[in-house]
Amino acid sequence: MTDKEKKSIESKLLDVSDVTICEATAQMLTKARRDGVEIAFDRAATMKACPIGADSACCKHCSMGPCRLNSKDPYGKVGVCGATIDTIMARNFARMVAAGSACHTDHGMGMLELFGEVVTGHNQDYSIKDPQKLIDVAASIGLETAGREIKDIAIDLHHELEKTYTQVNGEIPFAKRVPKKTLETWRKHNIVPRGAMREIMEMMGRTHMGEDQDYENIVNQCSRTALADGWGGSMVSTEISDILYGTPVPVLTEVNMGVLKENMVNVIIHGHEPNLFESVLASVNTPTLVEAAKAAGADGINLVGMCCSGAEMMSRHGIPHAGNFSSTEAVLVTGAVDAMGVDVQCIKQGLVKVAECYGTPLFTTNPRCKIEGAQHIALDENDPRACTDEIVIRAISRFKNRKYPVEIPKLINPSIHGFSYEYINYMLGGSFRGSYTPLNDNIINGRIRGVAGVVGCTNPRVKQDYVHVELVKHLIKNDVLVLQTGCSQIALAKAGLYTPEAAYLAGPGLREVCETVGMPPVLGLGSCVDNSRILIAASEMVKVGGLGESIADLPVAGAAPEWMSEKAIAIGQYFVASGVYTVFGVTFPIITDTKFHKLLFEGLEERGFGKWGFTPDPIEMANMMIAHIDKKRKALGIDKARERTLIDMNDRRQIAAA
Ligand code: SF4
Ligand code: MSK
């Protein structure tokens, strides 16, 4: 690169303080620039997003195109085949839903396949760790459990859950968990998923050139496909992971890049499926490997997670977490990572180059996700240790021969995670009367204004973590209890909100509840497939009573403030189809003042579902969600209770001051 070219790139780079509020990532981005290494923040600055694509105003579904419509005058022209802007945007959106749902569903199907191998005795490397969860899941879909052997229930459960993926007609098994009125709405619109493979296949076929060209009809199938993910592929994945590896309960852990240790062999696992990580956990605790690390001069082996597999292992085992999606390249810049193992999803190809610059071996482990330039060691689930021991051995060797100076940001946040649906049940009601009744009661009496799910990615096109943190702070200040998954919870953990002490940031009602129970005002439920836990919690709130008959009646809202992936769009659509108002930030692939926009942002709600919202501003986002929660409180007739509660609090203070 010439000096002139270098200068031109440098002039486009943003100030580090403008791209992230994560101090550790900022420190590493500064170091990367010093070292002449490029990471995603700098690539985002020099790669201008295509404005036509950002508006979803182009189609490349056939070779008569690609056709570009004018987002300033969307009805001014049509594609060569005659496709209108609404058809084009709906088809593009639908294919994002299909791709996102396919990712989660593929993950879930892999988990179920492993479960099948375990229950039939063909796999001895994994086992059923939570038989009670197995019984509960089986009972929830109507299987007989009383007096039966665990193995027999497990075989039936495996057989039944396979329908989630392969069934051609009928309703997926977890439709039985959906509140009655919500299910009636789905049936009325013919969107109860049959099986994920069928829905995704139909979605892809219907969005081919010359097939479904009615945007409303396309959106209907979008909902059906997304529901096959949320109440199907993702939910099976969560439930089977709990059965095989244990249902999370709150655990104190540490988050941020300071969890890396200069004097230890640092191994990072990044991706989504727990199978790899669970096996690495066994490897790093193997005495011979620990001895080998010590013989190489290390104090031991330090296993650390990132992104969603990190979030899952943090929730289940308290494994420290080094950072979210936007920090995965930055962490390599520390020079302290002795090996990074990845499986599937959200693995940036840019990792290869950064890893090379710092001499870190980067291993892909899943045949579905190889990356040019990375070393592939396949994880065979019938012999997982062959792969994971090798990763650890290579990490020890890299530690012994470390060539690069190590700079680890000295930042660590203590953090409590692992609030599964089951634990929330227990936490609120105790062992004898575990239930969501106290939650509903506190919503009805107004101490808790409502519940928000704040989830999803970080995105180098917006200041990392900033929108998540400001949004959540504003929500809890207004007495909204926040449930989180995925990379979003890591942003809040780094901001120090995952401790009971953070309740001081909450409004008086939520603070009182948090202090009584001893919980943080923000609860982490796991990885992005674990959004299914939020769906189950919402169903339980309906079942307990007092807050309406369907999920659409609940005073709840959702947000993905810094989303980037197609999986996030699939998640958003299954929340909307389930009845939840869902607001996205960053950008939204749509043109306002079109029929398609009106359908997503208004029409779906009129049909009994939730609806989409959009704003890049965190405070506006919080206010939109709070306004929706208040609208639902009013419809339920519980708005007055909240007014009284707040007046009571002020009254009490005034009385005390008098
Ligand atoms: Fe153009 Fe129609 Fe082909 Fe799309 S399907 S590229 S709008 S001709
Ligand atoms: S990893 S999908 S960046 S949450 Fe699930 Fe994070 Fe989003 Fe990937």
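Colleague: How many salt bridges does the rule find across the interface of domain 1 and domain 3?

Modeller: Keep in mind that this is a predicted model. To count, a side-chain nitrogen of Lys or Arg must lie within 4 Å of a carboxyl oxygen of Asp or Glu. The side chains of Arg-43 and Glu-329 meet in this way, at 2.7 Å from N to O. Across the interface of domain 1 and domain 3, the count is one salt bridge.

Colleague: Nice! And how many residue pairs are in polar contact across that interface of domain 1 and domain 3?

Modeller: Here the pairs are of N or O atoms within 3.5 Å. Both residues must also have pLDDT 80 or more. For domain 1 and domain 3, that gives five residue pairs.

Colleague: Which element gives the most residues to the side of domain 1 that touches domain 3?

Modeller: Two elements give two or more residues to that side of domain 1: helix H3 (23-35) and helix H4 (40-46). With six residues, the one that gives the most is H3.

Colleague: How do the residues on that side of domain 1 divide into nonpolar, polar and charged?

Modeller: The contact takes 13 residues from domain 1, and 13 residues from domain 3 as well. On the domain 1 side, they divide into four charged, one polar and eight nonpolar.

Colleague: What area is buried between domain 1 and domain 3, and which residues of domain 1 lose the most?

Modeller: Carbon and sulfur atoms give 67% of the buried area, which is about 940 Å². Three residues together make up 42% of what the domain 1 side buries. Those losing the most area to domain 3 are Met-28, Val-37 and Ile-39.

Key. Residues are numbered from 1 along each chain as its sequence is written. Chains are lettered from A and ligands numbered from 1 in the order in which they are written. This is a predicted model: local features need pLDDT of at least 70, side-chain atom pairs count only at pLDDT 80 or more; totals for chains, interfaces and linings use all residues. Side-chain values use heavy atoms; hydrogens and water are left out. Contact means heavy atoms within 4.5 Å. Buried area is the accessible area (1.4 Å probe) that two parts lose on being put together, summed over both. A polar contact is a pair of N or O atoms within 3.5 Å; within protein, one must be able to donate a hydrogen and the other to accept it, and residues adjacent in sequence count only if both atoms are side-chain atoms. Helices (H or I, at least four residues) and strands (E, at least two) are DSSP runs, numbered from the N terminus. Ala, Val, Leu, Ile, Met, Phe, Trp, Tyr, Cys and Pro count as nonpolar, Asp, Glu, Lys and Arg as charged, and the others, Gly among them, as polar.
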